[in-house]
Amino acid sequence: MSTTTTVTTTEPITATNILRLFPEIDSTATDSSLEGYDEEQIRLMDEVCIVLDENDLPIGKASKKICHLMTNIDKGLLHRAFSLFLFNDKNELLLQQRASEKITFPDLWTNTCCSHPLGIPGETGSNLPDAIMGVKRAAQRKLDQELGIKKEQVPLEDFHFLTRIHYKAPSDGKWGEHEIDYILFIKANVDLSINPNEVQATQYVTPETLKAQFQDPKLKFTPWFKLICDSMLFEWWANLDSGLDKYLNEQQIRRM
């Protein structure tokens with residue numbers, strides 16, 4: 001993984017700060033970079049991500065478009081994200097297959113919901129407790145937007161924070177991810193109303209089913225999901241009903 005510069009700043013967290021902190025990034029990310037993509041997904045690329053230093057301290061804001069260009073990622077641009085794992089009362093994990101319209105990692109299978117807290121009130125945070133609450137609110141928002149799961153079925157107090165992973169992964173030659181990713185668990189029985197612009201399929205799996213799917217060359221998975229599965233997911237899953245507490249609220253960032 002490339003090194004991300006640690007930056008200390010007391011300036012207000014704004015998009016304009018990014019140009020001073022990362023003067024070589026492509027801050028224009030012109031419309032030509034999005035030609036041919038789905039109109040709704042292009043609109044979502046204007047959402048504002050939280051730009052971080054390598055210690056997960058917010059140092060600015062930038063659009064999803066700017067944050068996900070590989071040319072900028074290779075210059076050290078790093079942002080905050082979350083990966084949510086939702087289990088039903090049978091301890092089966094809900095997976096989603098990303099829509100073909102997605103600009104990054106289209107058509108790949110992944111965990112229940114993966115997205116970003118935005119640079120908006122309620123979803124930011126410069127210390128870990130505030131950041132955790134921010135990603136929980138973002139997860140609740142995105143569960144509704146992607147899967148039609150209403151917040152009443154996934155109350156904030158039922159989300160559990162486990163750890164953070166720092167990883168970098170290309171999607172194609174143009175786009176990719178470079179994130180400090182907050183891992184959240186929730187156990188809930190939910191009603192789905194899938195947004196086809198975000199999700200093309202869903203399924204519940206057992207640990208045994210998922211391990212078998214990883215051996216199927218026809219099935220493709222997102223890199224962050226594979227990293228989490230290959231490291232700790234199955235151990236966490238085995239302790240879902242008894243013993244999960246010892247894995248919660250990890251302070252250290254796992255560098256993948």
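Author: A cavity is a set of points on a 1 Å grid over the protein atoms alone where a 1.4 Å probe fits but cannot get out. Grid points are joined across faces, edges and corners, and a volume is the space filled by probe spheres set on the points. This is a predicted model, in which local features need pLDDT of at least 70, side-chain atom pairs count only at pLDDT 80 or more, and totals for chains, interfaces and linings use all residues. Residues are numbered from 1 along each chain as its sequence is written, and side-chain values use heavy atoms, with hydrogens and water left out.

Reader: How many cavities of 30 Å³ or more are there?
Author: The count is 1, and the largest cavity holds about 240 Å³.

Reader: Which residues are closest to its centre?
Author: Lys64, Arg98, Lys102, Thr104 and His116 are the closest of the 23 lining residues, where lining means having an atom within 4 Å of a point.

Reader: What does its side chain reach at 3.0 Å?
Author: The His178 side chain reaches the backbone oxygen of Leu77 at that distance. The side chains of His178 and His166 are also joined by a polar contact of 3.0 Å, a term for N or O atoms within 3.5 Å, one able to donate a hydrogen and the other to accept it; residues adjacent in sequence count only if both atoms are side-chain atoms.

Conventions:
On a 1 Å grid over the protein atoms alone, a cavity is a set of points where a 1.4 Å probe fits but cannot get out, and a pocket is an open set with protein on both sides within 12 Å along at least five of seven lines; lining residues have an atom within 4 Å of a point.
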